[in-house]
Amino acid sequence: RSRSERPSAGGVRWLDAQEHEERLLAMAAVRAQQLYSSISSHAWNRDQTKLAVSPNNKEIHVYEVGADGTFNNCHELHQHDQLVASLDWAPRSDLLLSCGHDRDAYVWEFKEGKWEPGLVMLSINRAATCCQWSPAENKFAVGSAARGICICYYYEENNWWISRLIKNIDSIVLSVAWHPNNVLLAAASADCTCRVFSAYVKKVDSKPKGPAADTKLGEVLYQFRPSGAWVQAVQWSPSGSSLGFVAHDACAYFVNDLLSKPDAAADIQRVSTNLLPMRSLVYYDDDKVVAVGHNNAPYLFVKKDGKWILASSLEQKRTSGPAKQSSSMSQFSAAFEKFHHQDSYGQDASAKAQDLSTTHQNCITCVRRMGGGKLSTSGMDGKLAVWNMARPIEEALAQLKM
C-alpha cells in the first residue's frame, strides 16, 4: 500500500502531497472556484445567495449559490454592447447596477422570473469605468473616461434614471466611493489625484450637515495629490472617519479623522511597500484594510497606535506543480528550451512548474466585503475566492506583536 494508506503503530496516517495541500488551504481559510478565463467584476446580493459576475466581456452572469458553496448559472444578461467594467448590488432594494465601455449603465430588477434592465441617461461620450450605489440606495455614481462622474437618481414620471454630471476632474475616473452620510463622494482618477466631492441632490437628499452643509453638487471639499502616480482605488471606512486609497506607486494612503480637521492634507499617512501596484481595497473594519492587485494575493494593513502599517499577506505560501528544474540547468538552456517548445508545440514545457504559490494566478481586480467576517476576490485568472478572515487576521496581528 502507499504511504498515505499505511497506518503507523499509533494509528496515525501519513499525509500525501495532495492531502497536505488541502490542509494548507483549510488553514489559509480560502475557497476558490474557477469560473472563467478572466473576471472583470463581481457583486453579491444581501445574503450572499446570489452572485453577479462579468467574465471580462459584454455579458453578466447571475449565479445561485447553494448552502454547500456550489454555483449554479441561472441567468445571463446581454444588454451591454461592450465590456462590462463594474457591478454593484444594492442590498435592500435588490437592484443590480452595471456599467460598461459602451457608455451605458443599467439598473436590473428581477421581475416574474427574469431580469429587466432599467434605462439610465448617462449622457457621456466615453466609457463608463466604475459604479456604486449610495448607502440610502436612492442614487448611484458612475465614473467615466469622459473625465467626469454621473450622479444618477430615479425620475418616476418617465420611469428612468437621470443623471447630473460632476466635471472637475482632469482624467479618467477609476474608482468611486460613497461616504456613509449619503452625500460625500470620493473619487480616484488617473490624474494622480483623490478628490472628495459634494454629491448633494436637492430633489433626493435631505439638507446635509457637517462639511457638506451649504454645498452644491460637484463642489470639491478635499483634494489629495501625494505622489505622481495615478490613484487606482478609494474607499471610506465603515464609520466614515477614515479615507483610504491606493496608487500605482505601490503605496497605500490613509487620511484619519478627515471630516473633523480643516487641514486634512497634513494628515495623510503614506505606507510604502515593496509590493507590486495595488488595484483595489476594502475596509474590513475601521482599523483594518485589505488591498489586492498585481501581487495576486490580498494584503492586510492595520492601524496601530494611530499609524497605518502593512501587516502581511493573508495567504499562506504553498508549493504546487511539479518539482523545480535541476540547478545544473543553466539559465540559457532553460530559456532555449522554453522558446523551443513554444515554437514547436505552442506551449511552454515547464508551464505547470511555473504555477504561482498563491490562490490567484493573475492580477486581482475586485475585492468585496461579505457578511460573517468574509471577503471575496476575483481577477484576471478567472477565479473567485472567498476568504474567511478570522484566522489570517489573528496570525497577522500575532506576528506584529512578536
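**View 1. Tryptophan 89 and tryptophan 115 are both buried.** Buried denotes under 20% relative accessible area, against over 50% for exposed and values in between for partly exposed, with a 1.4 Å probe and protein chains only. The model is predicted: local features need pLDDT of at least 70, side-chain atom pairs count only at pLDDT 80 or more, and totals for chains, interfaces and linings use all residues. Residues are numbered from 1 along each chain as its sequence is written, and side-chain values use heavy atoms, leaving out hydrogens and water. In the whole structure, 14 aromatic pairs are found. Tryptophan 89 and tryptophan 115 form one that is edge-to-face, at 5.6 Å centre to centre with 75° between the planes. Tryptophan 89 belongs to strand S6 (residues 84–89) and tryptophan 115 to strand S9 (residues 114–119), so the pair ties together parts 26 residues apart in sequence. Strands (E, at least two residues) and helices (H or I, at least four) are DSSP runs numbered from the N terminus.

**View 2. Tryptophan 133 and tryptophan 161 form an edge-to-face aromatic pair, 5.6 Å centre to centre and 75° between the planes.** The pair links distant parts of the chain, 28 residues apart: tryptophan 133 in strand S10 (residues 128–133) and tryptophan 161 in strand S13 (residues 160–166). Both tryptophan 133 and tryptophan 161 are buried. Together with Phe140 and Tyr154, Trp133 and Trp161 form one aromatic cluster. Rings of Phe, Tyr and Trp (its six-membered ring) pair if their centres lie within 6.5 Å; planes under 30 degrees apart count as stacked, over 60 as edge-to-face and the rest as tilted.

**View 3. The charged end of lysine 50 sits over the ring of phenylalanine 110.** The distance to the ring centre is 4.6 Å. This term requires NZ of Lys or CZ of Arg within 6 Å of the ring centre and within 35 degrees of the ring normal.
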